[in-house]
Amino acid sequence: MKNKIALGGLSAVAVLLISCAVYTAPTREETLQVVKSSFKERGIAKLDRLNQSDLQVACSEASVTGKDLPQEARTRLERQALATVKYPADGQYLGDFKQGERIAQTGVGMQWSDSDKTVAGGNCYACHEISPQEIAYGNIGPSLKGYRKLRGASPAVMTYTWGKLWNSHAYNACSQMPRYGDANILTNAQLKDLMALLLDPDSPVNK
Amino acid sequence: MKAITRAALGVAAFALSCTAAFGQKDTADAIARYRQLLQDGNPAELVAARGEALWKEKRGPKNASLEQCDLGLGAGVVKGAYAQMPRYFADADQVMDFEGRVVHCMVTLQGFDYATVTKSPYSGTGQRQTEIEALAAYGVELSRGVPVNIPQSHPKEQASYDRGKQLFYMRAGPYDFSCATCHGVTGQRIRLQDLPNIAANKEDAQRAFTTWPAYRVSQGTLRSMQWRLNDCFRQQRWPEPVFASPATVDLITFLGVNANGAKMDSPSIKR
């Protein structure tokens, strides 16, 4: 009898404990499960786009906690990104700056409203000031006006700029800029046209 | 004489250097004036009226109206309910946003099929509003002027906020974008479009939450909060969020809690 009462008392305490359990925030894995069950593929945008790379995980984590990446991780991710860069085999970096301007103005590509035949643009003006005649530019990225005038066009500037376009994380681990070469967003020819927009002395950017 | 010329030149140079800044301010002012002019005669009023008719009409296999729908403040109470959602609903044992809850009522009270109702939740450009959009316009209209008060007392409401925050910062897809790419820093623009900092700027979060749903002039149709998230994810290069799915509710909870205290001012009218 006594035992029964004690047991009853214990289970009541247990129920109370469970129902009053201290709230624990969902883990990253739990959130990921909910996210993955909440999306569906549409057109070219398949579900595998939710599978994050190591860099995406590290940069998301740094962002949600408001802490900078540890120096070691930063260096490692930047080195890995730099290793993905494929420089032009012919050594030619500059294409047609007029084409480059068009690519910088165009924002389509890789959305579910696009097709796999859509020629993607760079949408550079969404975030950057570039040619002085275009005043509808965003400010998420730095101004690129006068790019060559400010930096010159040495081999070091050429390879840096190409690398930045190919995989922006090579020079800033958690850069917000898309990996235009590494993620196959733009072709080599398009990248060269963008290079010319920034680095051709006749480009409006350098006037 | 020379000094005067030099002074005049200085003034001219100063004026020139400031033109760009003034230009931006003028643009912002002009857009604000444009919005104010649009506010008179917002077509969203007609959408809300249709939503009210839909709410009160006996429809569906069960030939019932939505007037017994519980939006969190008791069966049939619409006034002020939108400003307090997403919230936890015991009967569904989950956190629901306004749009998801209305669909829940269409299914449970009126007997509609969930998949059919949610197949096309958004209207095409210039097309007739969907029923969900009309009902959202009606619901939010009855919360105009009501302070946002998204509850955080139930553990599932807290979990919704915390997941929403994690998702907000989650970078994924071929462009590596998260919500925070555009909405994590104050004062940022895409082209000339101002971007609210939803995570860390209370005023920005409040303006964003209180002005959706909105009539989009450029699209000739009323857009809901679920649509707003959907079109962000399209541009984020992610797959498509399922209508009223847990992740979308979590994001709306994150935004809503960050906006608590501001007065609802919707349906509004936007560019």
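Chain B contains 10 helices and 8 strands, where helices (H or I, at least four residues) and strands (E, at least two) are DSSP runs numbered from the N terminus. Chain A has 8 helices and 1 strand. This is a predicted model, in which local features need pLDDT of at least 70 and side-chain atom pairs count only at pLDDT 80 or more, while totals for chains, interfaces and linings use all residues. Residues are numbered from 1 along each chain as its sequence is written, and chains are lettered from A and ligands numbered from 1 in the order in which they are written.

**The two chains**

- Along the principal axes, the C-alpha atoms of chain B fill a box of roughly 90 × 40 × 35 Å.
- Chain B has 271 residues, and 46% of them count as buried. A residue is buried if 20 or more other C-beta atoms lie within 10 Å of its own, exposed if 12 or fewer, and partly exposed in between, with C-beta atoms placed from the backbone.
- Among contacts in chain B with a separation of 6 or more, 68% are between residues 24 or more positions apart. Two residues are in contact if their C-beta atoms, placed from the backbone, lie within 7 Å.
- The pattern of chain A, read along the sequence, is α-α-β-α-α-α-α-α-α.
- Of the 207 residues in chain A, 34% count as buried.
- For chain A, residues 24 or more positions apart make up 58% of the contacts with a separation of 6 or more.

**Where chain B touches chain A**

- The contact involves 36 residues of chain B and 39 residues of chain A.
- On the chain B side, at least two residues each come from helix H6 (155-168), helix H7 (179-183), strand E3 (189-190), helix H9 (225-235), strand E7 (240-241) and helix H10 (246-258).
- H6(B) gives the most to this side, with 8 residues.
- The side of chain B that touches chain A has 17 nonpolar, 9 polar and 10 charged residues. In this count, Ala, Val, Leu, Ile, Met, Phe, Trp, Tyr, Cys and Pro are nonpolar, Asp, Glu, Lys and Arg are charged, and the others, Gly among them, are polar.
- Strand E1 (residues 39-40) of chain A and E7(B) run antiparallel and are joined by 2 bridges. Two strands pair if DSSP finds at least two bridges between them.
- Opposite A:Phe39 stands B:Pro241 in E7(B).

**Helix packing in chain A**

- Helix H5 (residues 97-105) of chain A packs against helix H8 (residues 188-199) of chain A at an angle of about 105 degrees, with the axes 7 Å apart. Axes are lines fitted to C-alpha atoms, for helices over the stretch in contact, and angles run from 0 to 180 degrees between N-to-C directions.
- This angle makes H5(A) roughly perpendicular to H8(A). Angles under 35 degrees count as roughly parallel, over 145 as roughly antiparallel, 65 to 115 as roughly perpendicular and the rest as oblique.
- The residues that make this contact include A:Phe97 and A:Ile103 of H5(A), and A:Leu194 and A:Leu197 of H8(A).
- By class, the contact of H5(A) with H8(A) has 6 nonpolar, 3 polar and 2 charged residues.
- Helix H7 (residues 155-166) of chain A crosses H8(A) at roughly 130 degrees, and their axes come within 11 Å. H7(A) and H8(A) are therefore oblique to each other.
- In H7(A), A:Thr161, A:Trp162 and A:Leu165 meet A:Leu191, A:Leu194, A:Met195, A:Leu198 and A:Leu199 in H8(A).
- The contact of H7(A) with H8(A) divides into 7 nonpolar, 1 polar and no charged residues.

**Backbone details in chain B**

- B:Trp212 and B:Pro213 are joined by a cis peptide bond, with omega about 0 degrees. B:Pro213 is in the loop between helix H8 (202-210) and strand E5 (214-216) of chain B.
- Another cis peptide bond joins B:Ser266 and B:Pro267, with omega about 5 degrees. The loop that holds B:Pro267 lies between H10 and strand E8 (268-270) of chain B.
- B:Arg191 is not a glycine, but has a positive phi of about 50 degrees. B:Arg191 sits in the loop between E3 and strand E4 (193-194) of chain B, and is partly exposed, with 15 other C-beta atoms within 10 Å.
- B:Ala244, also not a glycine, has a positive phi of about 60 degrees. The loop between E7 and H10 of chain B contains B:Ala244, which counts as buried with 24 C-beta neighbours inside 10 Å.
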